Amino acid sequence: MTAPATSPTRTSTGPAVPGPRRRTSRLKALKRLPINLLVALLLIVEIYPLVWLFLGSFKTQDEFLNSPVWALPQNFNFGNYAEAWTTGNLATYVANSLIATIPSLFLIVLFGVAAGFALEVLVWKGRNTVLLTFLAGIMVPGQMILLPLFSAYFQMGITGTLWPLIITYTATGLPLTVFMMATYFRAVPREVFEAATLDGASMVRAFFSIGFPMVRNAVFTVALVQFFFIWNDLLIALTFTNNADLNTIQVGLLNFTGEFGAVQYGPLFAAICINVFGTLVLYLFLNQRVMKGLAGGAVKG
Amino acid sequence: MNNVLGDKKAVAILLGPALLVYTLAMLIPVFWSLGYTFLSGNAITGFTFAGLSNFAKLFSDPAVGEALWFTIRYAIIITAGQVFLGYLLSLLYVFALRRGSSLIRTLVFFPVVLPTVAVALLFQKMFEIAPQNGLVNSALNAFGMGSIDWFGDGTRAFWVIIIMDLWRSMGFYAVLLYTGLVDIPEDILESARLDGAQGLRLIRHIVLPLSMPVLLSSVIFSINGTLKVFDSIVALTNGGPGSATTPLTLHMFRTSFTYGDYGYGSSIALLLTILCLIVTLFIFRSSRRDLTKD
């Protein structure tokens, strides 16, 4: 950037007071070049690995071993996907992930939004303490609660089911949800709910008929954020799914190499692609909302 | 007003379920875990009282020292890298791309939402040497350099982890810092420009001081997250070679579940929790002091 900036200074007649219009237009084109190159490089670095992954999912084992790594696949057959889905048990893993994620999300949203309402809109003694208690939960590392929960689930005899995952995801998802919902409810004037109670509705009714619908956009964003946290979780899933039939997609993918030996590239790439696909679709349609939501949940680190 | 909004029954109904789940599955386990630090054994074989021996072991165990050192190194480098690269990107978005930055922002953010395990496996294949050269080694070969065994050496493996996690997360910090930069009032920037501040000088003297609060909170978020790193390392190197890339989280996991020592595992978890707490409080304190000084 220094070269284009200095050369016109030398040739132009009045370097101290540049004629603004003509010089900026010429400079702009030159200035744009390094920035465009930078952006191009950035996009290659961020996107090319994913393109490579996608192309790889169509390659045969022979192509992996005997063609250059950046070669295009010879034809687009979905054999690798079929293999990963059935032989690789990915179908089971995806089903498990869905069974664990959907109820957790439902409970997190229902409980978390209600608690956010109770802590922010309703006025009672001690609500700040309770909010702070929830807030502290955002910081606690998962490792601090794994062992007691494992013992408890073991005693209750539910280790062979997906219940431990649902319970743990709900509990760990609540602090951030309560915190975010409390912030959203802060923006709603309390008079709205007071007016509702004057019309004869109870506060609980007011929450379900006015409070919840009013913040439904925020609720959707929070649910989206929690979806990514739960779907992508490895620690909790690894701890509580001790048999292969209960593995979520992340645990299954982690053990995927083991099932085929390290050399079956095609199915592995296809399996990674399937795993990426779910989040890709969500992101494709809702990217602005996902970005806003995750940035709002940044406290979680 | 307060008697309508202070309806105790409504509070109980609305807050009750969340508080119950939170208490049973998070608060109680935290204290229960504290209790475990005085025991040894596990849920299946039963526990015996161990007194303070877990803590004595914690301070003399070289494996814990190594894991702690790894965690700290990782947290510092990743935090610095994430916030620095994120800030550069956000400056690029705001000052160079301006209105056109939306698409780039969206694309660079994309890796953030990808499952960590998937990204780690992808990077494993990219940096692979055997049985087949991955993307990186092939590129090195194309430039006439030899292949490198990236995961065969602790230091190199550490840097692959760093590269991967920066690749994954810089778009996130870029967006976080971008929202901070966009909030800087345009007239402040305009008057600085009229006073002759351009390019780097404008950024150093006007933009940087004004974005200090959002930079600081980014650092807090980042440290808080990086101290708990688990998924990406388990999936990429699984702590290896040897235990060269084992953070505290993974060491705790192994101690508890591979070696079945819940008491000692809880002690390591407690060390990790205290570390998170200290860092958060420390940064909050120092940031508050600086703000009042200005």
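Analyst: The following dialogue takes up several features in turn. This is a predicted model, in which local features need pLDDT of at least 70, side-chain atom pairs count only at pLDDT 80 or more, and totals for chains, interfaces and linings use all residues. Residues are numbered from 1 along each chain as its sequence is written, and chains are lettered from A and ligands numbered from 1 in the order in which they are written.

User: How many helices and strands does chain A have?

Analyst: Helices (H or I, at least four residues) and strands (E, at least two) are DSSP runs, numbered from the N terminus. Chain A has 15 helices and zero strands.

User: Into which domains is chain A divided?

Analyst: Domain bounds come from an automatic or database domain assignment. Chain A is divided into domain 1, covering 22–56, and domain 2, covering 88–296. Taken over C-alpha atoms, the centres of these two domains of chain A are 37 Å apart.

User: What share of the residues in chain A is buried?

Analyst: A residue is buried if 20 or more other C-beta atoms lie within 10 Å of its own, exposed if 12 or fewer, and partly exposed in between, with C-beta atoms placed from the backbone. Of the 301 residues in chain A, 42% are buried. Lys8(B) counts as exposed because it has 10 C-beta neighbours inside 10 Å.

User: Which residues have the most contacts inside the largest nonpolar core?

Analyst: A nonpolar core is a set of buried Ala, Val, Leu, Ile, Met, Phe, Trp, Tyr and Cys residues joined through C-beta atoms within 7 Å. The largest one here has 154 residues, and Ala115(A), Ile272(A) and Ala18(B) have the most contacts inside it. Helix α8 of chain A (residues 163–186) gives the most to this core, with 14 residues.

User: What is Ala115(A) in contact with?

Analyst: Two residues are in contact if their C-beta atoms, placed from the backbone, lie within 7 Å. Leaving aside neighbours within four places in sequence, Ala115(A) is in contact with Val178(A) and with Leu14(B), Leu15(B), Ala18(B) and Leu19(B).

User: How many residues of chain B are in contact with chain A?

Analyst: The contact involves 73 residues of chain B and 75 residues of chain A. On the chain B side, helix α2 (residues 8–36) supplies the largest share, 17 residues. For classes, Ala, Val, Leu, Ile, Met, Phe, Trp, Tyr, Cys and Pro count as nonpolar, Asp, Glu, Lys and Arg as charged, and the others, Gly among them, as polar. The side of chain B that touches chain A has 51 nonpolar, 19 polar and three charged residues.

User: At what angle do the axes of α10(A) and α2(B) cross?

Analyst: Two packed helices are described by the angle between their axes and the distance between the axes. Axes are lines fitted to C-alpha atoms, for helices over the stretch in contact, and angles run from 0 to 180 degrees between N-to-C directions. The axes of helix α10 of chain A (residues 203–214) and α2(B) come within 8 Å and cross at roughly 45°. Angles under 35 degrees count as roughly parallel, over 145 as roughly antiparallel, 65 to 115 as roughly perpendicular and the rest as oblique. Therefore α10(A) and α2(B) are oblique to each other. Met203(A), Val204(A) and Phe207(A) of α10(A) make the contact with Ala10(B), Ile13(B) and Leu14(B) of α2(B). By class, this contact has six nonpolar, no polar and no charged residues.

User: What phi does Asn89(A) have?

Analyst: Most residues other than glycine have a negative phi, and most peptide bonds are trans. Asn89(A) has a positive phi of about 65° although it is not a glycine. Asn89(A) lies in the loop between α4 (79–86) and α5 (90–120) of chain A. With 19 other C-beta atoms within 10 Å, Asn89(A) is partly exposed.
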